[in-house]
Amino acid sequence: MADRIAKPLVPGIMIVAGLIAVIGSLLGDSATWIERALVVLVAASPCALAISVPVTVVAAIGAASKLGALVKGGAAGRGWARSAASPWTRPAR
């Protein structure tokens with residue numbers, strides 16, 4: 001399924017980034033617009049989307065460890081998400 005989504009997405013991202021670089025360079029500072037085109041390429045690429053999920057899990061485990069909770073892996077967090085109540089929630093102040 002990811003391949004079906006990425007197949008039209010990647011060329012579309014490249015076209016949009018190219019248009020941003022070319023049209024922006026004609027209207028203003030070329031270095032700024034090329035940088036913005038590169039930001040579009042990096043932020044919208046399927047690789048960035050695929051990398052963001054594991055990074056989020058690692059960040060959540062790190063935040064839990066700073067609070068004193070020992071979490072073995074991401075499966076525990078997914079289990080907490082399905083529960084109605086969590087022992088880690090704080091009461092409203």
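Where does Lys-72 lie? Lys-72 sits in the loop between helix H3 (46-66) and H4. With a relative accessible area of 87%, Lys-72 is exposed. Exposed means over 50% relative accessible area, buried under 20%, and partly exposed in between, with a 1.4 Å probe and protein chains only. Lys-72 and Ile-61 are 11 residues apart along the chain. Their C-alpha atoms are separated by 8.3 Å.

The model is predicted: local features need pLDDT of at least 70, side-chain atom pairs count only at pLDDT 80 or more, and totals for chains, interfaces and linings use all residues. Residues are numbered from 1 along each chain as its sequence is written, and side-chain values use heavy atoms, with hydrogens and water left out.

Now the overall fold. The protein chain has 4 helices and 0 strands. From the N terminus on, the order is α-α-α-α. Helices (H or I, at least four residues) and strands (E, at least two) are DSSP runs, numbered from the N terminus.

pLDDT is the predictor's confidence in each residue, from 0 to 100. Its mean over the protein chain is 78, and 73% of residues reach 70 or more. Among the elements, H2 has the highest mean pLDDT (89) and helix H4 (residues 74-82) the lowest (66).

Next, the record. UniProt, in an unreviewed entry, places the feature "transmembrane region" at residues 9-27 and 39-64. Its positions are given in the numbering used here, feature names are shortened, and annotations may be inferred rather than shown by experiment. In the model, residues 9-27 are 100% helix and 0% strand. The end C-alpha atoms of that stretch are 27 Å apart.

What about burial and surface? Of the 93 residues in the protein chain, 11% are buried. The chain exposes about 7,500 Å², and carbon and sulfur atoms supply 72% of that area. Accessible areas come from the Shrake-Rupley method with a 1.4 Å probe; for residues, only the protein chains shown count as cover.

One surface feature is a nonpolar patch of Val-10, Met-14, Ile-34, Leu-38, Leu-41 and Val-42. Together they have about 530 Å² of accessible area. Like charges are joined within 9 Å, nonpolar side chains (Val, Leu, Ile, Met, Phe, Trp, Tyr) within 5 Å. Helix H1 (2-27) and helix H2 (30-44) each supply at least two patch residues. H2 gives the largest share, 4 residues. Met-14 belongs to helix H1 and counts as exposed because its relative accessibility is 55%.

Definitions and conventions
Patches are made of residues with over 30% relative accessible area and no salt bridge: like charges are joined within 9 Å, nonpolar side chains (Val, Leu, Ile, Met, Phe, Trp, Tyr) within 5 Å. A salt bridge is a side-chain nitrogen of Lys or Arg within 4 Å of a carboxyl oxygen of Asp or Glu.
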